[in-house]
Amino acid sequence: MSTQDAALPPEPVDFAVDLTGHEMTRRTHVMAALGADWDPVEALRGEEEAYDMLYSGLDEEQQRLYDTLVEAGVLPARGSGSAAA
């Protein structure tokens, strides 16, 4: 008899999978890949600098769209609220 032919149980069956061990292994591999000299504060600074560059020098239409997205909560306000900040 195949598993497709087996009758389904009338009640839901308790099913649980504990991924704690796998998650700890994953985190260990991530930290090893980052290396001992990884500086999270410097990484965040670099990310902020990249965003500043991304939103700098916008033309009038781009600035209008940026302001609309900030107002809608899609993008966070940067600096003084102007993309050029």
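Helices are DSSP runs of H or I with at least four residues, strands are runs of E with at least two, and both are numbered from the N terminus. With that rule, the protein chain here reads α-α-α along the sequence. That is three helices and zero strands.

Some ground rules. This is a predicted model, in which local features need pLDDT of at least 70 and side-chain atom pairs count only at pLDDT 80 or more, while totals for chains, interfaces and linings use all residues. Residues are numbered from 1 along each chain as its sequence is written, and side-chain values use heavy atoms, with hydrogens and water left out.

Now helix α2, residues 40–54. A helix is expected to span 1.5 Å times one less than its number of residues. For the 15 residues of α2 that gives 21 Å, and the end C-alpha atoms are 21 Å apart, so the two agree.

Next, the aromatic rings. Rings of Phe, Tyr and Trp (its six-membered ring) pair if their centres lie within 6.5 Å; planes under 30 degrees apart are stacked, over 60 edge-to-face, and the rest tilted. How many aromatic pairs does a search of the whole structure find? Two. Tyrosine 51 and tyrosine 55 have ring centres 6.3 Å apart and planes at 5 degrees, so this pair is stacked. Tyrosine 55 also pairs with tyrosine 66, at 5.1 Å centre to centre and 50 degrees between the planes, which is tilted. That pair links distant parts of the chain: tyrosine 55 sits in the loop between α2 and α3 (60–71), and tyrosine 66, eleven residues away, in helix α3. Together, Tyr51, Tyr55 and Tyr66 make one aromatic cluster.

Are these tyrosines buried or exposed? Buried means under 20% relative accessible area, exposed over 50%, and partly exposed in between (1.4 Å probe, protein chains only). Tyrosine 55 and tyrosine 66 are both buried. Tyrosine 51 has 36% relative accessibility, so it counts as partly exposed. Of the 85 residues in the protein chain, 7% count as buried.

Last, tryptophan 38, in the loop between α1 (20–34) and α2. Its relative accessible area is 39%, so tryptophan 38 is partly exposed. For the chain total, accessible areas come from the Shrake-Rupley method with a 1.4 Å probe; for residues, only the protein chains shown count as cover. The accessible surface of the protein chain is about 7,500 Å², and 59% of that belongs to carbon and sulfur atoms.
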